[in-house]
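Student: I have a structure open and would like to learn how to read it. Can we go through it feature by feature?

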Amino acid sequence: MLTSPAVSPAQDEQTLREDLAAAYRLLAMFDMTDLVYTHLSVRLPGEDHRFLVNPYGLLFEEITASSLVVVDAEGHPKQETSWPVNPAGFVIHSAVHRARPDAACVMHTHTLAGMTVAAQTTGILPVNQMSMEFYGRVGFHGYEGIAADDNLSERERLVRDLGDNIGLILQNHGLLTVGSTVAQTFYRTWYLEQACRIQVAVQSTGVPPALPPESYILRARQQFEQDEDQGELPWAALKRKLDREQPDYRN
């Protein structure tokens with residue numbers, strides 16, 4: 001059953017459109033895309049459970065605020081659009097948005113480092129300070145084939161495996177992050193990706209990694225959790241970069 005949306009009234013639709021379009025452009029800029037596949041979504045204000053998602057077929061570098069499509073909880077368009085929308089591609093997002101009122105934004109990626117770690121059984125290892133933010137906060141969902149809109153039982157297991165975590169490793173698939181804002185979710189996506197890249201780099205040396213005592217790992221995680229910024233400071237800086245280099249994302 002859908003729960004009450006968790007979007008601040010201050011986050012109007014145009015602001016959310018611009019922020020989500022910015023996130024798409026930034027993933028393209030930082031080489032974290034899979035052609036026209038994967039999705040980022042954000043819940044719109046109101047009680048009728050509407051979401052913004054990318055039109056199917058556009059590269060992330062082509063996304064603009066106005067090109068984003070409003071869909072319902074099943075991924076069906078709720079506005080006129082000249083571009084198709086892939087409801088099956090919204091399956092994972094739909095399941096998370098339904099179950100987690102705090103997950104106003106959901107980002108799903110297929111990156112080389114993320115898919116490499118998703119092919120392992122260890123999850124995110126605390127091999128670096130960046131990794132420790134995610135210690136015990138990233139779930140693991142076993143592979144069940146390509147996510148499809150007719151597999152309702154997998155949605156339940158996916159939500160169960162995510163739990164109250166901020167991220168999820170989709171085995172043999174990729175990564176997923178959630179947050180209360182686009183800024184927070186992008187921050188988590190960026191640093192979960194960095195944690196994967198560092199882990200793969202460390203493993204490539206063939207030298208056993210040096211892991212700190214768990215008490216220090218938990219201390220570092222707590223320090224991250226106490227940071228009140230929640231990604232807003234780097235997000236503002238990244239949007240300034242986009243405004244200089246790709247201002248059309250706001251169109």
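**Reading salt bridges, cores and patches**

Tutor: Start with a pair in one helix. Arginine 17 and glutamate 13 are four residues apart in helix α1, so about one helical turn separates them. Their side chains meet in a salt bridge, 3.0 Å from N to O. Keep in mind that this is a predicted model.

Student: Is arginine 17 buried or exposed?

Tutor: Read the relative accessibility. Buried means under 20%. Arginine 17 has 9%, so it counts as buried. Glutamate 13 has 28% and therefore counts as partly exposed.

Student: Which salt bridge does glutamate 18 form?

Tutor: Its partner is arginine 250, with the closest N and O atoms 2.5 Å apart. Glutamate 18 is buried, at 15% relative accessible area. Arginine 250 is partly exposed, at 29%.

Student: And glutamate 74, which partner does it meet?

Tutor: The side chain of glutamate 74 meets that of arginine 98 in a salt bridge, 1.8 Å from N to O. Here too the pair links distant parts of the chain: glutamate 74 is in the loop between β3 and α2 (91–99), arginine 98 in helix α2, 24 residues apart. Some bridges also share partners, and in this way Glu18, Asp243 and Arg250 are joined into one network. The structure holds 15 salt bridges.

Student: How should I read the nonpolar core?

Tutor: Take the general idea to begin with. In soluble globular proteins, nonpolar side chains tend to be buried together. Now this case. The largest nonpolar core has 34 residues, of which Tyr24, Leu52, Phe186 and Trp235 touch the most other members. Helix α1 supplies the largest share, eight residues. Apart from this core lies another of 12 residues, including Ala113 and Ile166.

Student: What does leucine 52 contact?

Tutor: Leave aside its neighbours within four places in sequence. Its contacts then include Glu13, Arg17, Leu40 and Val70.

Student: Which residues form a nonpolar patch on the surface?

Tutor: Leu35, Tyr37 and Leu59, with about 280 Å² of accessible area together. Leucine 35 lies in the loop between α1 (13–29) and β1 (40–43). At 58% relative accessibility, leucine 35 counts as exposed.

Student: How many helices and strands does the chain have?

Tutor: Eight helices and seven strands. The radius of gyration is 18 Å, close to the 18 Å that the globule rule gives for 251 residues, so the chain is as compact as a globular protein of that length.

Methods:
Residues are numbered from 1 along each chain as its sequence is written. This is a predicted model: local features need pLDDT of at least 70, side-chain atom pairs count only at pLDDT 80 or more; totals for chains, interfaces and linings use all residues. Side-chain values use heavy atoms; hydrogens and water are left out. Patches are made of residues with over 30% relative accessible area and no salt bridge: like charges are joined within 9 Å, nonpolar side chains (Val, Leu, Ile, Met, Phe, Trp, Tyr) within 5 Å. Accessible areas come from the Shrake-Rupley method with a 1.4 Å probe; for residues, only the protein chains shown count as cover. A salt bridge is a side-chain nitrogen of Lys or Arg within 4 Å of a carboxyl oxygen of Asp or Glu. Helices (H or I, at least four residues) and strands (E, at least two) are DSSP runs, numbered from the N terminus. Buried means under 20% relative accessible area, exposed over 50%, partly exposed in between (1.4 Å probe, protein chains only). A nonpolar core is a set of buried Ala, Val, Leu, Ile, Met, Phe, Trp, Tyr and Cys residues joined through side-chain atoms within 4.5 Å. Contact means heavy atoms within 4.5 Å. The radius of gyration is taken over C-alpha atoms; the globule rule is 2.2 Å times the number of residues to the power 0.38.
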